[in-house]
Amino acid sequence: MTVSDWGDWLPRAVEDASPEGIALWYLGCNGFVLKASDGTTLFVDPYVGLGDPPRTVRMIPVPFDPEDVTEADAVFATHEHTDHVHGPSQAPILERTGATFYAPDDSLVIAREEESWADDHAIDDHQFHEVREGNTVEVGGFSVHVEPAHDPDATHPVSYVFEHDGRTVFHGGDTKPTDEFADIGEQYDIDLGILAFGTVGNIPDKETREPKRTRWYNDENQVIEAANDLQFDRLLPSHWDMWKGLTGDPTVLHHHAKSLAFPERLDIVEIGDRVDL
């Protein structure tokens, strides 16, 4: 059972908010809540697990209990890794709100078969919806476009472009740079883009538990390269706060970005912070 370090103030803050355009809250790791001016509420990669110590050790608070979420229209997953598809974090949201879980095929295998969310929660099969690159789904006031992602550690990653009332948010999951980003940058006018950032560190191997040099997220050059190709107005780096040994300092990105056209601005946020578009 998940126990929040912060009580229920964050879900209540989301539910009480009335944004003029899009408001989003950073949940730590790569999790976000997006809320539109019409009240549509989307969760993206919400994760409140503690990792797998001593291999992956959570370095930040658990900001909410999924049982406290009473308003959600959809949960989106970018790929199948545990900190992006996680029954204890996401199944209670689906059960409590009736939200739809949108995810690529390999992520749905985790939810439906390997973790069997419906066995322990009152979730109907129609709440699981497969997405693939090129799809667009309409959820309340949001149009959500499914685009490619490049994550060599995942079996089928995707990225998402969320549009509402002339405002656009890109969430790349754990993607690294890819040639396809230049086309995405030309296709959309992206106001705010989210990309995973972190250091390279020694993490115990999953099988042997021996320290292994690990690069899961973009380094300083990669995250700015991707943001420039995608032509972000604002870059919000994520994931840098999460795992012991892989944390980073996102303020260094100012130095890497200043000689490029994009991103025009860096939004450095901490877990629990709200950003408005």
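**The sheet and its surroundings**

The sheet I want to begin with is open and has seven strands, in the order β9-β10-β11-β12-β13-β16-β17, with mixed pairing. At its edges are β9, residues 136–139, and β17, residues 265–266, each of which pairs on one side only. Please keep in mind that this is a predicted model.

Let me go through some of the pairings. Strand β11, residues 158–164, pairs with β12 in the antiparallel sense, over five bridges. Within that pair, F162 stands opposite V169 of β12. Then comes β12 itself, residues 167–171, which runs parallel to β13 and is joined to it by three bridges. There, F170 is the residue opposite G193 in β13. On to the next neighbour: β13 and β16, the latter being residues 234–238, run parallel and are joined by five bridges. In this pair A196 stands opposite S238 of β16.

Now β13 on its own. How many of the five residues of β13 are buried? Five of the five, residues 192–196, so the strand is largely enclosed by the rest of the structure. In a regular strand, side chains alternate between the two faces of the sheet. In β13, L192, I194 and A196 point one way, while G193 and L195 point the other way, and all are buried.

Helix α5 lies across β10, residues 142–148, and β12, and runs at about 155° to β10. Helix α6, residues 220–230, lies across β12, β13 and β16, at about 150° to β13.

**One arginine in β16**

Next, R234, which is found in strand β16. Is R234 buried or exposed? Its relative accessibility is 14%, and with the cut-off for buried at under 20%, R234 counts as buried. Leaving aside residues up to four places away in sequence, R234 touches D191, L192, G193, P263, R265, D267, V275, D276 and L277. With one of these, D267, R234 makes a side-chain to side-chain polar contact of 2.6 Å. R234 can also be placed relative to A23: the two are 211 residues apart in sequence, and their C-alpha atoms are 14 Å apart in space.

Moving to helix α2, residues 87–97. The buried residues here are G87, S89, Q90, A91, P92, I93 and L94. What covers them includes β3 (41–44), β6 (74–76), β7 (100–103), α4 (117–120) and β8 (128–130). Just after α2, G98 takes a positive phi of about 75°.

Not counting residues up to four places away in sequence, L94 touches V75, A99, T100, F101, W117, I123, Q127 and F128.

**Backbone details**

Last, some local points. First, the cis peptide bonds. One joins P53 and P54, with omega about 5°, and P54 lies in the loop between β4 (51–52) and β5 (56–57). Another joins F262 and P263, with omega about 0°.

Then the positive phi angles outside glycine. D165 has a positive phi of about 50° although it is not a glycine, and D165 sits in the loop between β11 and β12. At 51% relative accessibility, D165 counts as exposed. Q231, also not a glycine, has a positive phi of about 60°. The loop that holds Q231 is the one between α6 and β16. With a relative accessible area of 23%, Q231 is partly exposed.

That is what I had; I will take questions.

Note on methods. Residues are numbered from 1 along each chain as its sequence is written. This is a predicted model: local features need pLDDT of at least 70, side-chain atom pairs count only at pLDDT 80 or more; totals for chains, interfaces and linings use all residues. Side-chain values use heavy atoms; hydrogens and water are left out. Buried means under 20% relative accessible area, exposed over 50%, partly exposed in between (1.4 Å probe, protein chains only). Helices (H or I, at least four residues) and strands (E, at least two) are DSSP runs, numbered from the N terminus. Two strands pair if DSSP finds at least two bridges between them. Contact means heavy atoms within 4.5 Å. Axes are lines fitted to C-alpha atoms, for helices over the stretch in contact, and angles run from 0 to 180 degrees between N-to-C directions. A polar contact is a pair of N or O atoms within 3.5 Å; within protein, one must be able to donate a hydrogen and the other to accept it, and residues adjacent in sequence count only if both atoms are side-chain atoms.
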